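The following exercises are to be worked with the sequence and the coordinates at hand. Each task is followed by a solution in steps.

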Amino acid sequence: MERGNQTGVRSFLLLGFTEDPNLQPLLFGLFLSMYLVTFTGNLAIILAIISDSHLHTPMYFFLSNLSFADIGFTSTTIPKMLWNIQKQSQVITYAGCLSQAFFFIVFGCLDNLLLAVMAYDRFMAICHPLHYMVIMNPWLCGLLALGSWSLSVTGSLLMTLTLVRPSFCRSMKITHFFCDLPEVLKLACSNTIINNTVVYFMTIILGITPLSGILFSYSKIFSSILRISSAKGKYKAFSTCGSHLSVVSLFYSTGLGVYLSSAVTSSSRTSLVASVMYTMVTPMLNPFIYSLRNRDMKGALGRLISRAPSLIHRVFRGLS
């Protein structure tokens with residue numbers, strides 16, 4: 001491991017979950033399986049939405065963006081962790097750490113913003129059904145998606161730049177399996193008040209603000225559903241946002257669990273295990289939540305799977 005004295009470092013050590021060589025193969029197999037399920041499930045959602053014209057609606061457009069964000073979210077951290085386990089190495093370069101932190105924040109913020117946009121979409125569909133198609137037109141949907149991406153990239157760039165300014169002269173051991181921004185900033189020996197202020201400010205903008213939008217949208221949705229007289233009408237209205245509400249609950253409960261666990265205990269291992277929930281488990285479960293609870297999605301996935309053999313045959317025939 002190489003490190004600088006006042007200007008910076010060349011590498012960090014990702015301590016990960018354990019240094020026990022007997023547990024390394026088990027962890028490798030477990031996390032590889034989770035990554036493959038996450039990648040395959042979210043990719044299937046994207047392909048099903050693209051290939052089925054019945055799913056070319058605002059809700060599924062935003063869902064395809066969410067699935068892409070989940071693929072990027074997990075691809076930022078898990079492959080590097082698997083590589084380190086396989087190579088029996090804990091090293092990540094300074095540039096690699098910056099890149100990992102940048103893309104992790106991009107896709108994490110994108111998840112937040114897209115969930116808020118999808119809540120707004122459900123709000124318009126349930127509370128203003130007669131004006132839904134006029135308001136949620138392709139131009140606005142594209143603008144909301146582009147705005148989510150732009151805010152995520154800009155916010156991530158500002159937060160990642162906080163790692164460029166400090167001097168690192170302590171032990172370069174990160175008690176995590178990826179370059180988590182707060183954990184890296186703890187290693188700085190220079191004053192990090194400005195850095196932490198920037199991080200907290202951007203967290204409020206890109207984390208708390210979308211959550212507030214989601215809570216506001218669902219407060220209006222629930223009040224609108226309660227005004228429906230028939231039980232069948234209430235169930236139909238609620239079923240249109242059930243999958244999204246499940247994903248929101250899972251994402252924010254696991255994310256808050258990480259910060260609450262780190263606040264009530266000094267054990268970094270507890271926070272490490274808790275972080276697995278929102279970085280790995282939640283993106284892995286999202287495709288199942290949307291496919292199992294959605295008849296249109298199940299139909300599109302079924303048609304995609306039935307066409308898969310012929311598509312593969314055509315690809316191999318073209319290559320030959």
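**Exercise 1. The surroundings of S152**

S152 touches V106, C109, L110 and L113, where residues up to four places away in sequence are not counted and contact means heavy atoms within 4.5 Å. The model is predicted, so local features need pLDDT of at least 70 and side-chain atom pairs count only at pLDDT 80 or more, whereas totals for chains, interfaces and linings use all residues. Residues are numbered from 1 along each chain as its sequence is written, and side-chain values use heavy atoms, with hydrogens and water left out.

Task: Determine in which helix S152 is placed and whether S152 is buried or exposed.

Solution. 
Step 1. S152 belongs to helix α6, residues 138-160. Helices (H or I, at least four residues) and strands (E, at least two) are DSSP runs, numbered from the N terminus.
Step 2. The relative accessibility of S152 is 0%, so S152 counts as buried. The classes are buried (under 20% relative accessible area), exposed (over 50%) and partly exposed (in between), with a 1.4 Å probe and protein chains only.

**Exercise 2. The nonpolar cores**

Task: State which residues have the most contacts inside the largest nonpolar core, and which helix gives the largest share of this core.

Solution. 
Step 1. A nonpolar core is a set of buried Ala, Val, Leu, Ile, Met, Phe, Trp, Tyr and Cys residues joined through side-chain atoms within 4.5 Å.
Step 2. The largest such core has 61 residues, and F31, L63 and M297 have the most contacts inside it.
Step 3. Helix α4 (residues 94-127) provides the largest share of this core, 12 residues.
Step 4. A second, separate core has 23 residues, including L14, C109, L113 and M172. Two of these residues, C109 and L113, are also touched by S152.
Step 5. For L63, the contacts beyond four places in sequence are I45, I49, M118, Y290 and M297.

**Exercise 3. The salt bridges**

Solution. 
Step 1. A salt bridge is a side-chain nitrogen of Lys or Arg within 4 Å of a carboxyl oxygen of Asp or Glu.
Step 2. R303 pairs with D52, and the closest N and O atoms are 2.4 Å apart.
Step 3. R303 is partly exposed at 39% relative accessible area, whereas D52 is buried at 7%.
Step 4. D121 and R122 form a salt bridge at 2.8 Å, N to O; D121 and R122 are both buried.
Step 5. E183 and K186 meet at 3.3 Å, N to O. E183 is buried at 15% relative accessibility, and K186 is exposed at 54%.

**Exercise 4. The position of F61**

Task: State where F61 lies and which residues are in contact with F61.

Solution. 
Step 1. F61 lies in helix α2, residues 58-75.
Step 2. With neighbours within four places in sequence left aside, F61 is in contact with C141, G142 and A145.
Step 3. At 32% relative accessibility, F61 is partly exposed.
Step 4. The C-alpha atoms of F61 and M118 are separated by 9.6 Å, although the two residues are 57 residues apart along the chain.
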